[in-house]
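This report covers helix packing, the sheet, a salt bridge and some backbone details. The structure comes first.

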Amino acid sequence: MIQILFSLVFFSLLFIQTDNRIHERHSMVRHQIEGRGLRDSLTLKAMRAVPRHRFVPEAQSRNAYDDSPLPIGYGQTISQPYIVAYMTEIAHLQKNSTVLEIGTGSGYQAAVLAEITDTVYTIEIVKQLGESAVERLTSLGYKNIFVKIGDGYEGWKEHAPFDAIIVTAAADHVPPPLIQQLKEGGRMVIPVGAPFFIQTLMLVEKKEGKITTRSLMPVRFVPFTRSD
Ligand code: SAH
């Protein structure tokens with residue numbers, strides 16, 4: 001009897017673990033992220049915590065922890081885990097940072113940011129994606145992520161300035177309103193370049209009122225679109 005009870009407990013624990021896919025997540029972090037040299041402990045912890053499989057469509061669930069971007073509908077994609085981690089690490093976040101993300105998509109990057117900082121604002125231009133991200137983030141218990149449906153080009157003035165701005169769609173230039181809304185000492189990470197080609201991930205910093213930019217690496221993001 002006691003043996004049956006033990007095996008029941010054992011198998012239900014095993015089920016909970018597999019269901020939560022924690023092993024896949026740890027392996028993703030070890031191989032794809034630490035394996036490529038990222039070391040920031042807060043970022044690694046956040047990437048281990050957020051259940052990426054809950055952010056992809058059912059049909060993509062099997063591939064949720066693959067080393068690649070995945071389609072999320074409406075012609076958009078959730079970025080490759082390494083890129084999400086890289087952009088998070090390079091933003092140099094602290095617990096009390098206020099972050100703005102442009103391009104909510106599935107809400108995954110926002111959730112990773114929200115594991116680290118107190119407040120995350122995020123803007124999505126595709127209404128349906130923004131609405132389902134709100135539902136998903138609420139059901140996962142995130143209370144520190146604020147989603148707005150709209151064109152992120154203008155930023156979110158009411159909550160500016162931001163310690164960090166993360167743009168997850170490729171623009172052909174850095175939107176001036178976003179530069180304005182960056183705090184002194186703040187950092188913006190943004191892919192810049194022509195749509196559907198290789199773009200450059202740029203770090204934009206504001207120091208003593210001056211703007212400096214640095215190219216980080218070649219990337220490929222979906223286009224930054226504008227509302228009419
Ligand atoms: N960060 C997302 C991935 C987003 S893909 C995630 O973790 O899942 C890029 C997203 O940017 C798409 O959802 C696209 O609709 C959105 N986007 C494109 N142009 C935008 C704009 N001007 N303002 C806000 N969102 C925009």
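## Helix α2 against α4

In this predicted model, α2 and α4 pack at an angle of about 75 degrees. Their axes are 10 Å apart. Angles of 65 to 115 degrees count as roughly perpendicular, so α2 and α4 are roughly perpendicular to each other.

Which residues of α2 and α4 meet? From α2 come M28, Q32 and I33. From α4 come P81, Y82 and A85. By class, the contact of α2 with α4 has five nonpolar residues, one polar and no charged.

## Helix α2 against α3

Helix α2 spans residues 22–33, and helix α3 spans residues 41–49. The two pack at an angle of about 140 degrees, with axes 8 Å apart. Roughly antiparallel needs an angle over 145 degrees; α2 and α3 are therefore oblique to each other. The crossing of α2 past α3 is right-handed.

On the α2 side, the contact uses R25, H26, M28, V29 and I33. On the α3 side, it uses L44, M47, R48 and A49. This contact of α2 with α3 divides into six nonpolar, one polar and two charged residues. M28 and I33 of α2 take part here, and M28 and I33 also meet α4.

## The sheet

Seven strands build an open sheet. Their order is β5-β4-β3-β6-β7-β8-β9, and the pairing is mixed. Which strands lie at the edges? They are β5 (145–149) and β9, each pairing on one side only. Direction ignored, neighbouring strands are turned by 15 degrees against each other on average.

Strand β7 (residues 182–192) runs antiparallel to β8, and six bridges join the two. There, R187 stands opposite E205 in β8. Strand β8 (residues 199–207) also pairs with β9 (residues 210–219), in the antiparallel sense, over nine bridges. Here Q199 stands opposite V219 in β9. The hairpin of β8 and β9 has two residues between the strands. Within this hairpin, E208 takes a positive phi near 50 degrees.

## A salt bridge across the chain

How many salt bridges does a search of the whole structure find? The count is 10. D151 lies in the loop between β5 and β6, and R226 in the segment after β9, so the pair ties together parts that are 75 residues apart in sequence.

## Backbone details

The loop between β5 and β6 also holds P161. The peptide bond from A160 to P161 is cis, with omega near 0 degrees.

R21 is not a glycine, yet its phi is positive, at about 55 degrees. Where does R21 lie? It sits in the loop between α1 (2–20) and α2.

Methods:
Residues are numbered from 1 along each chain as its sequence is written. This is a predicted model: local features need pLDDT of at least 70, side-chain atom pairs count only at pLDDT 80 or more; totals for chains, interfaces and linings use all residues. Side-chain values use heavy atoms; hydrogens and water are left out. Axes are lines fitted to C-alpha atoms, for helices over the stretch in contact, and angles run from 0 to 180 degrees between N-to-C directions. Helices (H or I, at least four residues) and strands (E, at least two) are DSSP runs, numbered from the N terminus. Angles under 35 degrees count as roughly parallel, over 145 as roughly antiparallel, 65 to 115 as roughly perpendicular and the rest as oblique. A crossing is left-handed if the near helix is turned anticlockwise from the far one by less than a right angle, and right-handed if clockwise. Contact means heavy atoms within 4.5 Å. Ala, Val, Leu, Ile, Met, Phe, Trp, Tyr, Cys and Pro count as nonpolar, Asp, Glu, Lys and Arg as charged, and the others, Gly among them, as polar. Two strands pair if DSSP finds at least two bridges between them. A salt bridge is a side-chain nitrogen of Lys or Arg within 4 Å of a carboxyl oxygen of Asp or Glu.
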